[in-house]
Amino acid sequence: MRKLKSFLLYTALGLLANTALANTDRLAELRAGDMRKLTLHSTPIPLANVGFINQDGSDMTLADYNGKYVLVNFWATWCAPCRKEMPQLSALQTELGGDRFQVVTIATGRNARPAMEAFFKEIGVDNLPLHTDPSQALAQSLDVLGLPNSLIIDPDGNEIGRLRGEADWTSESAMAILTTLIATK
């Protein structure tokens, strides 16, 4: 009986591992256009427990989003590509945001709250958070070099993908990748 239980356990673990690998391969096949810049990790990368400032001024970490897929976007008010990308992230949140997925925006570096609010108002974004990483501690811990920079985090709090630079997050490819992910868990 013990051998049968062990066999079933290892078979299930093997199937789950193969499913994860197949899912990564499937996601890679969906990359087109800007999404070709999306690096998908074959093994999820655990994230450091480094804090940032919630839009209400309280401290938080990315672990506060565990339980759902999260697209974390690092940006700044002075970043021209961020200005172009942010409305697409807003549209993505409108389309897919909910219990299983959320777009989280974090302004890194010196970004005064009034300037952040003006930035969002000028581009018509009202459904994304105004979180900040003023000391860049979170960005540095995640090796965020250059802006914009987006990370895809799984429900267990691991980085599973990263896209450096601007991208069209409302493209057919982006939507296919994200809806495939959201449907997996």
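Which side chain makes a polar contact with the side chain of Asp56? In this predicted model, the partner is Ser58, at 2.6 Å (a polar contact pairs N or O atoms within 3.5 Å; within protein, one must be able to donate a hydrogen and the other to accept it, and sequence-adjacent residues count only if both atoms are side-chain atoms).

## Ground rules

Residues are numbered from 1 along each chain as its sequence is written. Local features need pLDDT of at least 70 and side-chain atom pairs 80 or more, totals for chains, interfaces and linings use all residues, and side-chain values use heavy atoms, without hydrogens or water.

## Confidence

The chain averages a pLDDT (the predictor's confidence in each residue, from 0 to 100) of 89, and 88% of the residues score at least 70. Over residues 1-22, though, pLDDT is below 50, and beyond near neighbours in sequence the stretch has 0 contacts (heavy atoms within 4.5 Å).

## Around Asp56

Asp56 sits in the loop between β2 (52-53) and β3 (59-60). With 58% relative accessibility, Asp56 counts as exposed (over 50%; buried is under 20%, partly exposed in between, using a 1.4 Å probe and protein chains only). Its C-alpha is 9.5 Å from that of Pro129, 73 residues away along the chain.

## Inside

Leaving aside neighbours within four places in sequence, Met86 contacts residues including Trp75, Phe120 and Leu128.

Technical notes. Helix = DSSP H or I, 4+ residues; strand = E, 2+ residues; numbered from the N terminus.
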